[in-house]
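Hi,

Here is the structure I promised to pass on. My notes on it follow below.

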Amino acid sequence: MQPLTFVIMGRDPESSQEIKAALQANGRARLLAECDGHDKMLAEIIRLRPSAAILILDANNPDKEFSFISKLHGMNSGTAIIAAAPNASPALILGSMRAGANEFLQIPIIADEFQTVLRRVAEVRKEEHSSSGKQARVI
């Protein structure tokens, strides 16, 4: 089974460190890049094509974050979008999901929730690979 690959972006060092630690603790997860801005994250997603992108949201500027999530979602790159935030409000969670995030992680990370998110990302990746291998035929 292939490892899950991740790109993360966040301006809060504590939150970034917590997510990196959670990824390192999982044997299937591999961090490819850590970014400090939207433009760099976008470039890394295009270059590396990770399984998932984890975006640590800035709760002070949610509209900008939702716009970026929507942009990532519109790319149809096959990369799952995981929004994360410490002390997230229901509006922040709902807004990120409406913008196109596949999952939401509450920080501090709860191990069981993190495993569930990883399992869902793996399932989506498996479905994409199995459906892309099917060939159509005309009768």
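Lys 20 is buried, at a relative accessible area of 18%. Buried means under 20% relative accessible area, exposed means over 50%, and partly exposed lies in between (1.4 Å probe, protein chains only).

The model is predicted: local features need pLDDT of at least 70, side-chain atom pairs count only at pLDDT 80 or more, and totals for chains, interfaces and linings use all residues. Residues are numbered from 1 along each chain as its sequence is written, and side-chain values use heavy atoms, with hydrogens and water left out.

Lys 20 forms a salt bridge with Glu 34, with 2.9 Å between the closest N and O atoms. A salt bridge here is a side-chain nitrogen of Lys or Arg within 4 Å of a carboxyl oxygen of Asp or Glu. This pair links distant parts of the chain: Lys 20 sits in helix α1 and Glu 34 in strand β2, 14 residues apart. Helices (H or I, at least four residues) and strands (E, at least two) are DSSP runs, numbered from the N terminus. Glu 34 is partly exposed, at 36%.

The structure holds five salt bridges. Two others among them are worth a look.

- Arg 11 and Glu 65 meet through their side chains at 4.0 Å, N to O. They link distant parts of the chain, 54 residues apart: Arg 11 is in the loop between β1 and α1 (13-25), Glu 65 in helix α3. Arg 11 is partly exposed, with a relative accessible area of 47%. Glu 65 is buried, at 2%.
- Arg 120 and Glu 103 form a salt bridge of 3.0 Å, N to O. Arg 120 lies in helix α5 (residues 111-132) and Glu 103 in strand β5 (residues 103-107), so the pair ties together parts 17 residues apart in sequence. Arg 120 is partly exposed, at 39%. Glu 103 is buried, at 11%.

Now helix α2 (residues 38-48). Which of its residues are buried? They are His 38, Met 41, Leu 42, Glu 44 and Ile 45. Seen down the axis of α2, these fall within an arc of 165°, so they line one face of the helix. The arc is that of the directions from the helix axis to the C-beta atoms. The cover over the buried residues of α2 includes β1 (4-9), β2 (29-35), β3 (52-56) and α3 (62-75). Contact means heavy atoms within 4.5 Å. The face of α2 turned away from the buried side carries the exposed residues Asp 39, Ile 46 and Arg 47. Just after α2, Arg 49 takes a positive phi of about 50°.

Best wishes
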